[in-house]
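Visitor: I have a model open and would like to walk through it with you. Could we start with the packing and then move on to the backbone?

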Amino acid sequence: MTTRPVAADVHTGALTAAVETVLAHLDAHARRLADRSEPDPPPRPEPATAVGAAAGAAAGADQAGEAALDVVCSCFGLTPFERDVLVLAAAAELDPGTGARCAAASGGRAYPTFSLALAALPDAHWSALTPVAPLRRCRLVELDDPGAVTLSRLRIDERILHYLAGLTYLDVRLRGVVSRVAVPAGAGRPASQRRAAGEVAAGWAAAGRGGRPHVDLTGADPQTRREVAAVAARSAGLALYAVDAADLPGDPAEREALARLWERESVLLPAALLLEMTDPGAPGTERRAVAEAFLGGLEVPVVVSSADPLPTLHRHRPRVAVPALTQAEQQELWRSALGLTNGTDPGLDEIVAQFSLPAHTIRAAGDAVWRSGGANGAAAAAVDPDPGELTRRAWQAGLAEARVALDELGQRIEPRARWDDLVVPAQQRTVLREIVAHVRQRATVYQAWGFESVLRRGLGVTALFAGASGTGKTLAAEVVAGELGLDLFVIDLSQVVSKYIGETEKNLRKVFDAAERGGAVLLFDEADALFGKRSEVKDSHDRYANLEISYLLMRMEAYRGLAILTTNMKQALDQAFMRRIRFLVDFPFPGPHERAEIWRRVIPREVPATGLDMALLAQLTVSGGAIRNIALSAAFLAADEGSPLRMRHVRAAARTEYLKLERSLTPGEVSGWD
């Protein structure tokens, strides 16, 4: 089956002429029934001759165009007899006198039937009636009673009737199942995506030499694959419609009906279909089987879109992978979105080094940049843009776009803590600043200085924060993220680790893939829950548990951002895992001096306080996290009394905190408080 575009001015005159020719055959047959001596009518002209004559006579017809009837006959492969049957069914809707003429030719039935067509029309053949022939297979005509094939009333499908009359639209039975995909206006496509689109179109064209015009499209994100498919369709002169594999009917009869309906629409519009495998997860095997069954009978252009290559159940399909955007392509997209010239902009280099966003997201971020300046600001910037201001806005827009993918996978913390809020020994502070430098300068060291070509792997920045609960690990991660101008995402490992084989890797992949877009700071809390020492393989679950750890180590090495892992039990971690950690920061339990400093910083200046002695408060042997809890509870007790914050409020709050820790206040800890 082939697709062919229809001329803008459909030749309704050709349809009218064809109707008259077919009805003339009915009239001649009626006369033969009445009088056997009536001579046969002259031979019917070939369809192209009749259509050409009618088209030439049609007022205002487009002489360079092609009649809709001819397009239907050519694309669906109708024989001359099948063409006349279709026209006869159309005549019943278009010509009020058709019923009487059918009755005269059939001996009483005032409507078209296959029996009448076989008797009255030339070149008749029985195979046209079968459900596998084009008329019924493609639902060009329908029978009121499929059980009486020859005598049942023959009706033309409404969509086909309107098409022949010059009206083109998406069949209403497909609405809600398929949706139109448009090529975004504005800036051109990146070169790598144009090449991918060209490969898709070439895959369709190659199918003309044998095989179905189906192509697998993998890689990138769903929207990018949509855009690539849309560009490919446009280059082939086709529209593009999309359907989610989850919306395909599981019932074989319904699925076959949908396939035939779309196959017909693909010819009439003409259009290609984008079949999106959005989530080939647990029910994915069944969904793929349904999708493959749907594709099995389609002979029209299709793109099967999925993040990863999918195994085909029946036959091989050409596969096109959408590559990741190069840094040069990302820079060009940002320049276009921000309206910048091609000059070097250090701020733009930092954005490209930090964010790995798809083209459509960069365009959206660029729109957000201009909107963020307000109407007057945007207008002024458009006249004389300030590159520094635009790139500062672009950083915030990129941050906002990167959040979308991660918000549902972890707890986002917008960093507000600064270095002054962190009380750790000088050695640990120095290492934390080194971590910031490694992330901030990775573009210079890896790309500009060439270390990426030498090292090739292990370029991710990974840090392990080890220490007891409340010693400042999470606060330090927040400080580092704030210094880098990034969000901190806390990943709950209890939601990542699954007892089902393969699910942990799937969850980890979602986290890392989403984080890659914005190079986010990932904080895996209580890392020993997943990254413990790899066990000896005793059964299949041990083997898959080790595979999960290996997968994690691989992703950590490849991750372009900063991954921070925290643990209370450093000794429980596998040595193979430890070798892949670039930074190890031990957070010691705070001593008296550190505890006093934490007390000074945790109580705001606005708090009315009387008699608070930081040296005495530091006698409480608790971590920084517990100090913050005690200070806050004491403030509530004081506020409830309507009095300033005093030592007795702190002591009462400390008793409550100690109960939670299953400890008791010792006399030495509160010595001198009274």
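Visitor: Which residues does I435 touch, not counting residues up to four places away in sequence?

Guide: I435 touches V461, A463, F465, V480, L562, F583 and V585, where contact means heavy atoms within 4.5 Å. This is a predicted model, in which local features need pLDDT of at least 70 and side-chain atom pairs count only at pLDDT 80 or more, while totals for chains, interfaces and linings use all residues. Residues are numbered from 1 along each chain as its sequence is written, and side-chain values use heavy atoms, with hydrogens and water left out.

Visitor: And which residues have the most contacts inside the largest nonpolar core?

Guide: They are W334, L432, I435, F465 and L562, in a core of 51 residues. Such a core is a set of buried Ala, Val, Leu, Ile, Met, Phe, Trp, Tyr and Cys residues joined through side-chain atoms within 4.5 Å; buried means under 20% relative accessible area, exposed over 50%, and partly exposed in between, with a 1.4 Å probe and protein chains only. The most is given to this core by helix α21 (residues 473-484), with seven residues; helices are DSSP runs of H or I with at least four residues, strands are runs of E with at least two, and both are numbered from the N terminus. A second, separate core has 45 residues, V19, F76, L86 and L143 among them.

Visitor: Switching to cysteines, how many disulfides does a search of the whole structure find?

Guide: The search finds zero, taking a disulfide as a pair of cysteine sulfur atoms within 2.5 Å. As for individual cysteines, C102 counts as buried because its relative accessibility is 0%, and C138 counts as buried at 2%.

Visitor: Now the backbone: which residues does a cis peptide bond join?

Guide: The cis bond joins L269 and P270, with omega at about -15 degrees, and P270 lies in the loop between α11 (252-268) and β6 (271-276). Most peptide bonds are trans, and most residues other than glycine have a negative phi.

Visitor: What about A220, then, where is its place?

Guide: A220 sits in the loop between β4 (214-218) and α10 (222-235), and its phi is near 55 degrees, a positive value in a residue other than glycine. With a relative accessible area of 42%, A220 is partly exposed.

Visitor: And E662, buried or exposed?

Guide: E662 is exposed, because its relative accessible area is 76%. E662 is found in the segment after α29 (647-660), and although not a glycine, E662 has a positive phi of about 60 degrees.
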